[in-house]
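Take a moment to look over the structure shown here.

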Amino acid sequence: MKWSFSIAKILGIDVRIHVTFFLLLAFIGLGDYQTGGAAAALGAVFFICLIFLCVLLHEFGHALAARRYGIQTSDITMLPIGGVARLERMPEKPAQELVVAIAGPLVNVAIAALLLLGFSLSGHPVHFSALGQTGASLPQKLLFVNLWLVFFNMLPAFPMDGGRVLRAFLAMRLPYARATQIAASIGQFMAFGFGFVGLTHSLPMLVLVGVFIFFGAQSESAHAQLQSVFAGLRVHAGMVTQFRTLPLDADLNGAVEALLRTSQHDFPVLGPGGEVRGLLTRDALLMALREKGPEALVSEVMRADVPTVHETMLFERAVAIMQECNCPALPVLDYAGRLVGLFTPENVGELMMVRDALAASPRAASRAAGSEPPPLPLERPATLI
């Protein structure tokens, strides 16, 4: 995530903090300093840090539950509105998603239970009516925060934990995309409610949470629709197979000629043995022409960090890799490691349009009615090659 930096690596997971988190600390500290002096400011900042420690443990609950199903977590980022654990993918089975979603709130339940046990052993029973009040002790405030985190996160506002639990239950009876659409609609409705309450009661943080939930639900719904369209498809179903390559020792003159004589924008760069060494993008080519001139070598300006994908890789996984590396194209290899295609956003979009058109055709309607046998899966469509 942009504007964030790493502070630790715990259990193989990168823990990051977004710079806006420090703005929150500064805002809280300054407000308490004006009313109560330095001691009050330090106390307020310390309490906020304890809250976010609970949030961090909450996110580790999700991450460790996902690891149980072979799903890794690349990083956890702390934001002013909470934490975000970036899983490499969501669980495929609804029951697994249910476990992963509820694991976070269960961590807060465990923290609250430990605090209650501590109060009981110390002989100071907790009066729940006093929780959250200004005169409450630090442990009482922390107990209130964890109970509030459980309640708030379990609201069915997708993509929050409660929304994911709802989606998991719906997906046990409905197609995954339909379950996501219903959960996302409920989440967006609740986001409007958060925004309204935040605006009418001067709670800007609640407005931010509402905005986050609204666009998060929209993004999750779109991703689920994408998964539904590409379910079971492999990369070779929509890759470009007619393309130009550039040798590693070529200069930009050759790249310009390839750019002008073809409709291709990005060119794989091959080493002497035919192995993929990088990708020369159109933007990098144009910038290099201005800065270095046409005699510069392709190897000097190409992107060497572009990952490759296998032609049998699932379509949705290749799309995720392309988004993660922010690449305009991905070289596609076969089992022998030879370059056999290019995976591009344009072809992804075209494949989506083709499949939508086929699904809406009269023949598709008659097949749905049972008058025709189903066709073979759409593989290597000629219009996309």
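Is the crossing of α7 and α8 left-handed or right-handed? In this predicted model, the two helices cross in the left-handed sense. Their axes lie 11 Å apart, and the packing angle is about 130 degrees.

| Helix | Residues spanned | Residues in the contact |
|---|---|---|
| α7 | residues 252–261 | L252, A255, V256 and L259 |
| α8 | residues 282–291 | R282, L285, A288 and L289 |

By type, the residues of this contact are seven nonpolar, one charged and no polar.

Now turn to the sheet. Three strands form an open sheet with mixed pairing, in the order β8-β9-β10. The edges are taken by β8 (309–310) and β10 (339–343); each has a single partner strand, so one side of each has no neighbour in the sheet. Strand β9 (residues 330–333) runs antiparallel to β10, and four bridges pair them.

Finally, find R167 in helix α4 (residues 161–171). Is R167 buried or exposed? Its relative accessibility is 1%, so R167 counts as buried. Leaving aside residues up to four places away in sequence, R167 touches E97, F158, Y176, A179, T180, A183 and E220.

Note on methods: Residues numbered from 1 in each chain as written. Predicted model: local features only at pLDDT ≥ 70, side-chain atom pairs only at ≥ 80, totals over all residues. Heavy atoms only, no water. Axes fitted to C-alpha atoms, helices over the stretch in contact; angles between N-to-C directions. Left-handed = near helix turned anticlockwise from the far one by under 90°. Contact = heavy atoms within 4.5 Å. Nonpolar A, V, L, I, M, F, W, Y, C, P; charged D, E, K, R; others polar. Pairing = 2+ DSSP bridges. Buried < 20%, exposed > 50% of the residue type's maximum accessible area, 1.4 Å probe, protein only.
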